[in-house]
Amino acid sequence: MCILPQVYKLSIGAVCGLSWPPDRLIVQVLDDSTNDALRTMVELECRKWVEKGVNIRYETRNNRNGYKAGALREGLKKHYVEDCEFVVIFDADFQPEEDFLWRTIPYLLENPELGLVQARWKFVNADECLMTRLQQMSLDYHFSVEQEVGSSTCSFFGFNGTAGVWRISALNDAGGWKDRTTVEDMDLAVRASLKGWKFLFIGDLEVKNELPSTFKAYRFQQHRWSCGPANLFRKMFKEIIMCERVSIWKKWQVIYAFFFVRKIIAHWVTFFLYCIVIPATILVPEVYLPRPLAIYLPAGITILNAASTIRSIHLLVFWILFENVMSLHRSKAAIIGLLEANRVNEWVVTEKLGNTMKQTKYNARTPKKPRSQIAERIQVLEILVGMYLLHCAIYNILFGHNHFFVYLLLQAGAFFIVGVGYVGTFVPN
């Protein structure tokens with residue numbers, strides 16, 4: 001577990017409450033924080049559970065080398081891990097149900113070829129703001145389509161980094177935790193898959209956790225989730241091609257379908273086609289794009305994707321606009337990963353608010369926002385793209401012969417709203 005100050009008590013309590021024979025369970029808390037006060041509080045919390053008879057070990061490091069991968073690697077080197085057969089991983093905001101182990105471990109015991117059992121995430125703060133609702137729509141598609149379908153068809157799908165159970169022998173066979181990218185979970189999953197290990201996704205087993213509700217936290221998370229896979233693709237391309245233990249079909253699936261299409265091309269197509277190329281056809285009417293290709297086919301795919309979250313289907317338009325805005329950030333991150341440019345190994349812990357917002361009592365008078373804080377919220381690229389789309393919309397209104405300006409105005413508004421930072425939860429100082 002990598003500690004977050006707002007939620008560590010909930011996570012430690014949930015893991016210590018797991019139903020399993022006490023002599024067969026070791027709880028290991030990996031604290032990579034650099035805050036001495038926080039370390040003291042976490043250690044005291046662990047001691048409380050020791051007094052209750054839980055076999056819990058509190059582990060810290062003198063450095064943060066390798067970030068999460070480094071902490072997990074050091075954790076598995078402890079002498080008391082030698083007799084363990086499985087390792088269950090939870091990030092600090094995850095709260096598993098009491099029967100989690102009884103619903104996962106039996107699969108690993110019955111099938112010796114199974115290396116990973118992955119559970120689904122359940123978001124406890126999905127209704128906190130519009131941004132968290134939109135995140136839920138994207139992640140529900142990830143679980144319902146990419147992972148559940150991948151598991152059902154025995155195709156490759158990645159480890160989500162948390163809420164999963166690894167067979168330690170599979171983990172070691174794949175080479176253990178590596179910190180060469182910021183997506184150590186995906187790195188391990190790809191290497192284990194190339195070694196022939198199988199994965200299982202359990203769609204009806206949900207683990208509570210939080211979505212980032214501030215745009216700053218979400219932006220850093222999306223940078224890591226987009227930059228890391230692109231960088232991993234660059235570093236593992238030759239390794240995947242040269243692997244002799246898997247079929248050509250599986251190599252093609254991992255290289256083309258998983259990495260190239262989902263992790264790279266999808267971001268570029270979304271941004272450059274819908275935010276640059278199609279609006280440019282307004283300014284250059286000689287360029288013609290057939291409607292089935294530009295509108296109908298993408299709209300149909302989008303509606304099918306959103307069907308994973310029926311309760312939010314009325315937010316479909318907001319979801320499309322927001323995803324188009326985020327595609328700018330993801331495209332830039334993917335380019336950074338492929339070129340190994342600056343920020344390629346940037347690791348910022350995703351901030352989760354826990355009960356901070358619920359426990360805060362707001363005064364009737366809202367405090368003034370400092371200028372420096374407002375400046376931090378400004379996103380120059382988003383504002384520039386918004387101005388470009390607004391220009392195209394005005395040109396379409398004056399000289400166009402269609403109603404494309406409706407989309408352009410809505411999309412420009414979305415870029416401006418994100419550009420000035422008025423999205424997500426605002427946490428006052």
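A nonpolar core is a set of buried Ala, Val, Leu, Ile, Met, Phe, Trp, Tyr and Cys residues joined through side-chain atoms within 4.5 Å; buried denotes under 20% relative accessible area, exposed over 50%, and partly exposed in between (1.4 Å probe, protein chains only). The model is predicted: local features require pLDDT of at least 70 and side-chain atom pairs count only at pLDDT 80 or more, whereas totals for chains, interfaces and linings use all residues. Residues are numbered from 1 along each chain as its sequence is written, and side-chain values use heavy atoms, without hydrogens and water.

Asp93 is located in the loop between strand E3 (86–89) and helix H4 (105–110); helices (H or I, at least four residues) and strands (E, at least two) are DSSP runs, numbered from the N terminus. With a relative accessible area of 3%, Asp93 is buried. The side chain of Asp93 reaches the backbone nitrogen of Glu210 at 3.2 Å. Beyond neighbours within four places in sequence, Asp93 is in contact (heavy atoms within 4.5 Å) with Val7, Ser11, Lys208, Asn209, Glu210 and Lys352.

Ile417 is placed in helix H15 (residues 405–419). Ile417 counts as partly exposed because its relative accessibility is 45%.

Methods:
Polar contact = N/O pair within 3.5 Å; in protein donor to acceptor, adjacent residues only side chain to side chain.
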